[in-house]
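Keep the 3D view open as you read.

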Amino acid sequence: MTSRMLALPALAILAAAAAAPVVHAQARGAPAVTPVLTGDPLRRDITVPDSVPDISGTWSPVTFFRTIHPMSGEETPFLPWAKKFFLDRSAAEAAGSPLFDPNANCLPSGVPRVLPTPYPYDIVQTPDAIYVGIEVMHSFRIIHMDGKPMPADFKPSYLGYSAGHWEGDTLVIVTTGLNGFTQVDEEGRPKSSALKVTERWTKKAPDLIENLFTIDDPKTYAHPWTALSEYKWAPNVRFNEYECEENNRNKPDASGKLRHN
Amino acid sequence: MTRHLILAATAALALALALTASGAAFAQSSIPQEDAALKRRAGRDAKDKALLDAERARPRIGGYWKIDHKIAALTTADGKAPPLNAAGKTLQRQRLASIKAGKTTDPMNVCLPPGTPRSLVVDEPFYLAQTPIKITFFHQVYHVIRHVFLDGPLKLTDDRDVLWEGHSSGRWEGDTLVIESGDFNGKQWLDDSGLPQSPDMRVTEKIRRTGADTLEDMVTYDDAKYYSAPWTARLTFKAQPKDTILVEEDCAEKLLEYPLKPYAPE
């Protein structure tokens, strides 16, 4: 008597015990299936609810840009301190001695700086949450889709707390709980912990997601402004490890100046 | 034969009762009892039918999990010390000495990743995402993302310079998810006791549900450089609440030479 033979009647009884949360009358003898590694853009993962667009899979940025600025073409509506901050950073960079940047010290790019990501996203979509793997700085966002508000004791962070919901075919993500330690973009637009970022993700084509995101930070900008990032379906792209901590070459000194070593 | 069947039936009934008893806890857990979307879609889309049918027959292992007890030092499944060879013993001794001297050489101490499969051993929750084509681990620790394509056999590369997670490839064998991993950089400690890993280590995991809110991973470490024989550890995980929030741990902050302060005037 093998354990396999014992297991078969056990499974039959388990399956009959409908009240029990059956572990699984599983698939011995199920047909072998060749897994689809590089599905087409219309493929839906099994975890994606039928009622909403499928954004799961690997996506790459259409373009990467180091500045995030209003797509309307207007000037960035800096408050005075923010304008000075931006100009000081630009001047330091032009002079060849860029100022401290947490991102250069292996801290996450954060929201919204990671939205025009230079590296791929890998998205897993479930009814309760959308998991956005971010290759750069090895991090991920969790978009909570269950309507749960940010916990009162949430510690502000680089990626913050993201709550999402669907408005028709558009995924709306509101992110708060952001710390004020890093910039909106690489060029040096600042942000404060009062920042709220509202993203609107729309699948413009089976292989293209448009992300219109609005920066609302009354401590830094005179009024909210909106920028654009787009992601292209990239089924053949595989995530790589990104271990910034092993290449941590430009740590700043106490004055915030970078050492080039 | 009949006697065996009765034994089996009794055992199964006991298991079923035990599972029912844990039903209340189960309802609160992150592990779906039944995937409604899966049910709706199964059989609808001819192109995906075989894939979906196969997935439907599989156990659901997705959800939030955490190791069910702290592990200071890995042992074999039957509780013995791993069979280190002379080179392995020497290296572990050096590492333990570094801890004792207060100057640990554990890579995690300088914010380097735990690696595969130490990220599972660490006492922190993770989300296991299960789809028909891929399994993804999202770990709270170090924000590790580990991708396991269900596309075996494992294809090794020589790209070991950056690979703490290595490359993983998975396949379902009945109700067990089998994951093979290799291509490690060989720098990771397998646990807090500094068990070593060489770049040639191969890790084979056998993951299966063992109950309504428990998951088991039988991990076989095969590394002739540091061990006299392959050995297997048994890791067990407990389902975490559905509303688990993975905390963003920014280890790199502790490497900064002075504290961060907000840019904006407060």
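In chain B, His143(B) sits in the loop that connects strand 3 and strand 4. This is a predicted model, so treat what follows as computed from it. His143(B) isn't a glycine, yet its phi is positive, at about 50°. Is His143(B) buried or exposed? It's buried, because 21 other C-beta atoms lie within 10 Å and the cut-off for that label is 20 or more.

Tyr142(B) belongs to that loop too, between strand 3 (134–139) and strand 4 (145–149) of chain B. Its phi is near 60°, again a positive value in a residue other than glycine. Tyr142(B) has 24 C-beta neighbours inside 10 Å, so it counts as buried.

Staying in chain B, look for the cis peptide bond between Thr116(B) and Pro117(B), where omega is about 0°. You'll find Pro117(B) in the loop between helix 5 (86–100) and helix 6 (118–121).

Chain A has a cis peptide bond as well, from Val111(A) to Pro112(A), with omega near 10°. Pro112(A) is in the loop running between helix 2 (80–94) and strand 2 of chain A.

Now zoom out on chain A. It has two helices and nine strands, laid out along the sequence as α-β-α-β-β-β-β-β-β-β-β. The nine strands close into a barrel in the order 1-2-3-4-5-6-7-8-9, with mixed pairing. From one strand to the next, the twist averages 30°. Take strand 1 (residues 57–61) and strand 2 (residues 121–125) of chain A: they run antiparallel and are joined by three bridges. Gly57(A), for instance, has Ile123(A) in strand 2 as its bridge partner.

Of chain A's 261 residues, 39% count as buried.

Definitions and conventions:
Residues numbered from 1 in each chain as written. Chains lettered and ligands numbered in written order. Predicted model: local features only at pLDDT ≥ 70, side-chain atom pairs only at ≥ 80, totals over all residues. Pairing = 2+ DSSP bridges. Helix = DSSP H or I, 4+ residues; strand = E, 2+ residues; numbered from the N terminus. Axes fitted to C-alpha atoms, helices over the stretch in contact; angles between N-to-C directions. Buried ≥ 20, exposed ≤ 12 C-beta atoms within 10 Å, placed from the backbone.
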